[in-house]
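Hello,

Here is the structure I promised to pass on. Please open it first, then read my notes below.

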Amino acid sequence: MGPVTMTLEEFTLRARRAGLELDLEEIEMLYQEIAASCALMNDMAERVKARLSPASEPAHLFRPHGAPVDERR
Amino acid sequence: MSGAELPPTIAEAARLIASRRLSPVELTTACLARIEALDPHINSFLLTRAEAALAEAAAAEQEIARGDYRGPLHGIPIAHKDIVETAGIRTTAHSKLLRDFVPPRDATIVRHLAEAGSIMLGKTATHEFAMGGPSFDLPWPPARNPWNTDHFTGGSSSGTGAAVAAGFILGGSGSDTGGSIRLPAAYCGVTGLKPTYGRVSRHGVLPLAYSLDHVGPLAWTVEDCAILLQAMAGHDPADPASAAVPVPDYRAALRPDLRAVRIGVVRHFYESDYRIDDEARVAIDAALAVMRGLGAELREIHLSPLQDYGACGWLILIAESWAVHEKVMRKRFGDYGRMMRNRVVLGAFLGAGDHVQALRLRRELAEEMSEAMRDVDVLVTGITPGEAPRIDEKPGYESFQRPLMMPFNVTGQPSMAVRCGLSLRGLPLALQIAGKPFDEAGVLRVGHAYEQATNWHRQRPPLLAP
């Protein structure tokens, strides 16, 4: 199954939520241009999630400079 | 020397200048003459500063005559990618949005290279804000490949790559977020080094993606890149990502052989995960044979599929580039070029969770890479699908589909493009050498030995040869 393309309605909602100051015609034009790319990004996001090993918890340790090394894995 | 002659390498010019057999004024004049005559076909420069450059060259000549020789970059013509801020000199990011922006300060690398005595000839073309090209809807045209001007330079350090290949400058600066030093180096047949993340200051360099941006040199030879990196590298408190790691003598690492060097070949990246053209693959195989002949021990290395590194890197890049541009892009979407805005705006459609997951995977992949490199010194792998495509070829999702360079932005380790052949159509082919974090010396050593054992670096673009 190939990348799933979001609908124009969903795209419009997200574009508005992102604060893009575009009218409906411009949003639809943008949708035509990048919907496939959005689907590709979604595909990549799914690939990343599928690839993550369960043992990678806890997630994304932040270590400030000079702090002792956290031995938790 | 005249503008009809191709300039020497930085190392050659430095020997001539230090022994006063070549004047910085003569060299700068010759480069400026080549730019004037030939750059209308290449479009590598957005701005040249001939008068100021000649004055600096004259000052360099006088200093050297007094015995105040600063080193191998003294009197050497260079240029900076036009995302690198230069005090009092327009810095546009090749964008309508910054067409009149004149920074009040120099980027740290500009200051370092000026203190080393180099002569800045101007600012070079780039993809808009270093993200995606070639674009034909910007205030200035895209740079063209000096080997065949119907072909793409690669980007985003397109102008620097083209200017070095064309003999307009002897070296220059670039930036690399997903391949933007290495791709133009590969397509233009020059050497381009993406150092370790944090090795070279990014202070004063317009960002694309905070945790993926690297700054580094492009030049004709590996030794020239070593000379440039020597001046560019070092801790900078003004860059929060700058690493406080000592800078070794990069030229001292260069040797003619590869005895005791262990090379890991990541063959699956370019033979199965993303199959490159047969002629590119054959060129890499031939290069590996040369490296073996120089004394290197080769072994095959297996990593996660290339697409895992690509997905991880692109999600981070898109999320971070949206963070950089969202405030302006919300209000002035149409003022960006189509290619740039259509890529960066994808970040507006990513979920925060997607970004976090990519950061988690990044840590896993970096650990995997470190473990895989435990018993080798460098990796060699593919870098491009093949020769540079035509400049008018519709790229589509091309940037997502050139994943061979992204692994080393994800892991932050150094990686360098080195020419290893010519295609049947006479366009450069290249390979990629990656090293352990902060072991640029190891990467340069392998690249230099290979380069000097072959003749690729002796061939210049035929269209522009005298």
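Start with two helices in chain A. The axes of α1(A) and α2(A) come within 10 Å and cross at roughly 105 degrees. Angles from 65 to 115 degrees count as roughly perpendicular, so α1(A) is roughly perpendicular to α2(A). Keep in mind that this is a predicted model.

Which residues meet where these helices touch? From α1(A) come L8(A), F11(A), T12(A), A15(A) and R16(A). They meet L24(A), I27(A), E28(A), L30(A), Y31(A), I34(A) and C38(A) of α2(A). By class, this contact has nine nonpolar, one polar and two charged residues.

Now look at where chain A touches chain B. The contact takes 31 residues from chain A and 34 residues from chain B. The size of an interface is often given as the accessible area lost when the parts come together. Here the buried area is about 3,100 Å², and carbon and sulfur atoms give 62% of it. On the chain A side, M41(A), R47(A) and R51(A) lose the most area to chain B, together 20% of what that side buries.

There are polar links too. Ten residue pairs are in polar contact between the chains, both residues at pLDDT 80 or more. Which elements of chain A give two or more residues to this side? They are α1 (8-17) and α2 (24-51). α2(A) gives the most, with 14 residues. The chain A side divides into 18 nonpolar, five polar and eight charged residues.

Seven salt bridges are counted between chain A and chain B. In one salt bridge, the side chain of R51(A) meets that of E368(B) at 3.5 Å, N to O.

Best wishes

How values were computed: Residues numbered from 1 in each chain as written. Chains lettered and ligands numbered in written order. Predicted model: local features only at pLDDT ≥ 70, side-chain atom pairs only at ≥ 80, totals over all residues. Heavy atoms only, no water. Contact = heavy atoms within 4.5 Å. Buried area = accessible area lost by both parts, 1.4 Å probe. Salt bridge = Lys/Arg side-chain N within 4 Å of Asp/Glu carboxyl O. Polar contact = N/O pair within 3.5 Å; in protein donor to acceptor, adjacent residues only side chain to side chain. Helix = DSSP H or I, 4+ residues; strand = E, 2+ residues; numbered from the N terminus. Nonpolar A, V, L, I, M, F, W, Y, C, P; charged D, E, K, R; others polar. Axes fitted to C-alpha atoms, helices over the stretch in contact; angles between N-to-C directions. Parallel < 35°, antiparallel > 145°, perpendicular 65-115°, else oblique.
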